[in-house]
Amino acid sequence: MAAHFERTVAATDERAAFARLADRELDRAYRLAAVLLGDPVEAQDATHDAVVAAWRRSGSLHDPDRFEPWFTRILVNTCRDRLRRRRRHPAVEIDLAWDIGGARDAYADVDDRLALDRAFDSLSPDHRLVVVLRFYADLSIDEIAQRVGAPAGTVKSRLHHATRRLHAALVGEGDLDD
Amino acid sequence: MTESEMNARIRRWLAARDPGEVPASMRDALAEVVYDQPRSWRSGIAAAVAIAAAAVVVVTLLGYQLLVAPNVGGPGRLLPTATPTAAPTATPSPTPDGRSFDGNGPMIPGIRYTYGQAELAEWRLRHGDPPPSPPVRGFSFVVPTAGWFADQWQRISKTARPHAVELSIADYEWTEAGNATCALRSLDPPAADASSAEVAAAISLGTGIKDVAVSETTVGGLPAKVVRITLPEAFGCDYQDGTVQAIWIVDQGDRPRLFSAGYDPGTAPVILEEVQQIIDSIRFE
């Protein structure tokens, strides 16, 4: 029903249709960009760039039902471009405002954050993408492959490599329970 | 710590990076992008989008099928034409009206834009990268008509709805070109001293690339190759299935210089002709 309605609107008002589709994705896109880039302000810029690019090319999107994976791909490419051009200088942040009662958990979280921030920053943009799409966006391998434009086997390989690096960071700086 | 425990920590760490709800200003900006209403957020780019949208060329689609045969209409031409298209200006050097290309907003037709060491250094500084080394060879170019818009990624584009064409005008190194030229993203960079022939061969062998055509041409009087390819949707470009990319690889003595254009199949020939005119207008220092 919703899909039929979107197509009807698109036939009569292209702008309204695009605006509706983009608005529906805006929250998710911005939050995905922020997690990927680690900077909410830059995420706003990246999301804006993706919206502009998507609007320019929206005429070539023939199936509104495919808007989300299509727009996510544009956003992913925009973020990847930014990551490739960005010189990262990892900053170590220590959150001192923790609850005494939960001190042990809070310390572990801070410890994790420092270790994972460093490990994540050392990953290539392509590896960061698959980590975020898998562990934050909860996408399947095939869904990730569709959005990053790589075969499923390549996605699996990148995910395996990236996950090993992150796991190594956790084991290196956290408790060993095994 | 088990693997699933570690994965759970990774999920928790990523969730902590989530800023939550999108700022209200972003929703307003979405309306601005789509409805061309002047506003404040990212006003420079938003205003440029509005101007670019107002300058859209109304083109009747001719049902023209872009030919990739390299020798039709003259070798190395983006489009088959009966006679070679003359460059829009015969002036070989920057004119008094020339200006520096800073990748910011609508471009003025007929003005010669320069892009060289100073511009690239400034752009790299803005993005936190060191200046290019060795120094790059500058060049200049002209856009023939209104409606061309420059973005911060050294690309210029023109929209003729429902299609759009993007031209990466300032790709200096393979890695830079890989960012802006979809076809190159998945390829390993060739050696720094690779010839245009070697770069063309590397592009041609990219997995999934179809309809490869390589031809000889010149850019700014220098020998070059132009590679035209068709990309499947699975390649991950922002365009739909069948995106066409034309990549000019110029032999300039040290490392090849790349310019690339991407467009949807069916993009009006008049727009593609403008891309060729821009390439034809290039003059190297």
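## A sheet in chain B

B:T114 stands opposite B:S140 in β4(B). This is a predicted model. Strand β3 (residues 112-115) of chain B pairs with strand β4 (residues 139-142) of chain B. The pairing is antiparallel and spans four bridges.

These strands belong to an open sheet of four strands in chain B. The order is β1-β3-β4-β12, and the pairing is mixed. At the edges stand β1 (99-100) and β12 (283-284) of chain B. Each has a single partner strand, so one side of each has no neighbour in the sheet. Helix α7 (residues 269-281) of chain B packs on this sheet. The helix touches β3, β4 and β12 of chain B. Its direction makes about 145 degrees with that of β4(B).

## A hairpin in chain B

Strand β10 (residues 243-250) of chain B runs antiparallel to β11(B), and seven bridges join the two. B:V250 stands opposite B:R257 in β11(B). The two strands form a hairpin, with six residues between them. In the turn, B:G253 has a positive phi of about 110 degrees.

How many residues of strand β11 (residues 257-263) of chain B are buried? Seven of the seven are, so the strand is largely enclosed by the rest of the structure. In a regular strand, side chains alternate between the two faces of the sheet. In β11(B), B:R257, B:F259, B:A261 and B:Y263 point one way. B:L258, B:S260 and B:G262 point the other way. Residues of both sets are buried.

## Two packed helices in chain A

Two packed helices are described by the angle between their axes and the distance between the axes. Helix α2 (residues 14-37) of chain A packs against helix α3 (residues 40-57) of chain A at an angle of about 150 degrees. Their axes are 9 Å apart. The crossing of α2(A) and α3(A) is right-handed.

Which residues meet in this contact of α2(A) with α3(A)? From α2(A) come A:E14, A:R15, A:F18, A:L26, A:A29, A:Y30, A:A33, A:A34 and A:L37. From α3(A) come A:P40, A:E42, A:A43, A:Q44, A:A46, A:T47, A:V51, A:A54 and A:W55. The residues of the contact divide into 13 nonpolar, two polar and three charged.

## A helix and the residue after it

Helix α7 (residues 141-148) of chain A has several buried residues. They are A:I141, A:I144, A:A145, A:R147 and A:V148. An α-helix has 3.6 residues a turn, so residues three or four places apart point the same way. Just after α7(A) comes A:G149, which takes a positive phi of about 70 degrees.

Methods
Residues are numbered from 1 along each chain as its sequence is written. Chains are lettered from A and ligands numbered from 1 in the order in which they are written. This is a predicted model: local features need pLDDT of at least 70, side-chain atom pairs count only at pLDDT 80 or more; totals for chains, interfaces and linings use all residues. Side-chain values use heavy atoms; hydrogens and water are left out. Buried means under 20% relative accessible area, exposed over 50%, partly exposed in between (1.4 Å probe, protein chains only). Two strands pair if DSSP finds at least two bridges between them. Contact means heavy atoms within 4.5 Å. Axes are lines fitted to C-alpha atoms, for helices over the stretch in contact, and angles run from 0 to 180 degrees between N-to-C directions. A crossing is left-handed if the near helix is turned anticlockwise from the far one by less than a right angle, and right-handed if clockwise. Ala, Val, Leu, Ile, Met, Phe, Trp, Tyr, Cys and Pro count as nonpolar, Asp, Glu, Lys and Arg as charged, and the others, Gly among them, as polar.
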